[in-house]
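Please keep the sequence and the model in view while reading.

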Amino acid sequence: MKNTVVIGAQWGDEGKAKITDLLAQKADMIIRYQGGCNAGHTVVTGGKTYKFHLIPSGILYKNTICFIGAGTVIHPDSFEKEYNELKSQGVSFDNLKISPLASITMPYHTEIDGYSESQGGKGKIGTTKKGIGPTYTDKMARIGLKIQDLYSYEALSEKLDIILPLKNKQLEKVYGLEPYTKDCILSLCEKYAELFRPYVATDWQDMLNRYKDKTILFEGAQGVMLDIDYGTYPFVTSSNPIGGGASTGSGYGPTMIDEVIGVSKAYVTRVGEGPFVTELTDKTGEQIREIGHEFGVTTGRPRRCGWFDAVIMKYAVLVGGITNVALTKIDVFDTFDEIKICTAYKDCRNDKVYTSYPTDVFIHKYLEPIYETMPGWKTSLSNIKTYDELPENAKKYISKVEDLIGAPIGILSVGPDREQTIFIQK
Ligand code: GDP
Ligand code: IMO
Ligand code: MG
């Protein structure tokens, strides 16, 4: 296998973890390079379901190094919870490594996220309330804490003398929240230091050098349409889920990447606020939600559902750097008479047609999807193992999607299990 990045091509929850887990069999190292415990990644294998948030989905393989890179943000309590849950399922963490450069989500970050979201109405993003935005804000403002700070009293103390007066002023004056004492933060940091100690890769440069000629799998979280630069801003997350994020967040530069697999559902879902041109608020949307079990792994929220949108997917192929697509959950349509694909948008104010994605999301409320309707296959795809065995209408659907998005579909997922996967070589 070539060095591969797995990214979400839509608004997250496309089935990235299933594809990562599948490819992880052939990888020597897996790197989570952005995001944090806002992600909810599900792997189903051997009759067991594993839920990951920050820990790379490759942890199920004993010989694969799982590295949490510098571009991630780590919320210690969530990490501990995830760790304990996986441990109770028999998962071992011998191969887990954490970058000393990863950022730490502090309690005040989750409090600020919660406060901002609870204001309701205007400005609400519908975040996971995991403190993601405030942690990245502080990182960019150069007032964040990194894992390595936990092991240097001097660094921590000096940093806190700068950070805390600013943070406390903000907490009290802007948000009406309680301030933190330096002692309180120092004792929390002592606890965090112990929690992460066995896993901190102080030798990460040597490790990356040693693995340079091996097979690396980069595991993305969220999706292109949630990207801070390219997504439906401001209704986005605060990191770069695009393929390029793998370079900045992992420690390996762009020349280390051979392929970017864009994972996309055969339809679209979204959690949280923000535009969604093909959203279905009718019975069909409910049907997709029920059959596809579209409820969030991290927050349990029902996911908004809609038809496949070739306009955003074509955009994701471009800005995500996608070379190959993994199309998931196609089995959800097994009982459908017909399936729609959005090929363009029409602005209802002036009938202007968009075949390329309009990045100004404030006009999205005026956009109507233009659909092409494909006949369903009306049979279960769940046990099909090869492309040749697929019903003709499913093959036609796949070809249509490929034509519209300008990228090949190399993997077809027909069920949640590792085994329910078809590798397409045409
Ligand atoms: P991720 O965040 O992109 O890793 O995706 P999630 O784990 O949040 O959501 C994907 C959900 O769909 C999970 O419950 C998976 O087990 C499930 N899933 C993945 N691929 C398929 C598929 O091809 N068919 C069906 N029916 N379910 C799938
Ligand atoms: P995975 O990796 C789906 C969404 C939130 C919200 C926006 C900002 O499982 O695909 P944040 O907490 O990141 O500040 O929230 O991004 N969001 C996700 N939606 N899947 C995810 O991760 C998501 N991570 C964040 O719902 O709309
Ligand atoms: Mg998810």
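A polar contact is a pair of N or O atoms within 3.5 Å; within protein, one must be able to donate a hydrogen and the other to accept it, and residues adjacent in sequence count only if both atoms are side-chain atoms.

The model is predicted: local features need pLDDT of at least 70, side-chain atom pairs count only at pLDDT 80 or more, and totals for chains, interfaces and linings use all residues. Residues are numbered from 1 along each chain as its sequence is written, chains are lettered from A and ligands numbered from 1 in the order in which they are written, and side-chain values use heavy atoms, with hydrogens and water left out.

**Ligand 1**

- Ligand 1 is surrounded by 19 residues, of which Lys 16, Gly 40, Thr 42, Asp 331 and Ser 413 are the closest; a residue is near a molecule or strand if one of its heavy atoms lies within 4 Å of it.
- Oxygen atoms of ligand 1 also lie 2.9 Å from a backbone N or O atom of Ala 17 and 2.9 Å from a backbone N or O atom of Lys 329.
- Ligand 1 taken alone exposes 590 Å², and the protein buries 91% of that; accessible areas come from the Shrake-Rupley method with a 1.4 Å probe, and for residues only the protein chains shown count as cover.
- The shell around ligand 1 receives at least two residues from each of α1 (16-24) and β3 (41-45); helices (H or I, at least four residues) and strands (E, at least two) are DSSP runs, numbered from the N terminus.
- By class, this shell holds five nonpolar, seven polar and seven charged residues; Ala, Val, Leu, Ile, Met, Phe, Trp, Tyr, Cys and Pro count as nonpolar, Asp, Glu, Lys and Arg as charged, and the others, Gly among them, as polar.

**Ligand 2**

- Around ligand 2 there are 21 residues, and Asp 13, Lys 16, His 41, Thr 128 and Thr 237 come nearest.
- The shell around ligand 2 comprises eight nonpolar, 10 polar and three charged residues.

**Strand pairing around β14**

- Strand β14 (residues 338-347) runs parallel to strand β12 (residues 304-309), and two bridges join them; two strands pair if DSSP finds at least two bridges between them.
- Asp 309 has Cys 342 in β14 as its bridge partner.
- Nine bridges join β14 to the antiparallel strand β16 (residues 367-375), where Thr 373 stands opposite Lys 340.
- Strand β15 (residues 353-354) is also antiparallel to β14, with two bridges between them, and Tyr 354 in β15 is the bridge partner of Tyr 345.
- The hairpin of β14 and β15 has five residues between the strands, and in this hairpin Asp 351 takes a positive phi near 65 degrees.

**Backbone exceptions**

- Most residues other than glycine have a negative phi, and most peptide bonds are trans.
- Arg 142 is not a glycine, yet has a positive phi of about 65 degrees; Arg 142 lies in the loop between α4 (132-140) and α5 (153-174).
- The peptide bond from Tyr 233 to Pro 234 is cis, with omega near 10 degrees, and Pro 234 is placed in the loop between β9 (216-219) and α8 (245-250).
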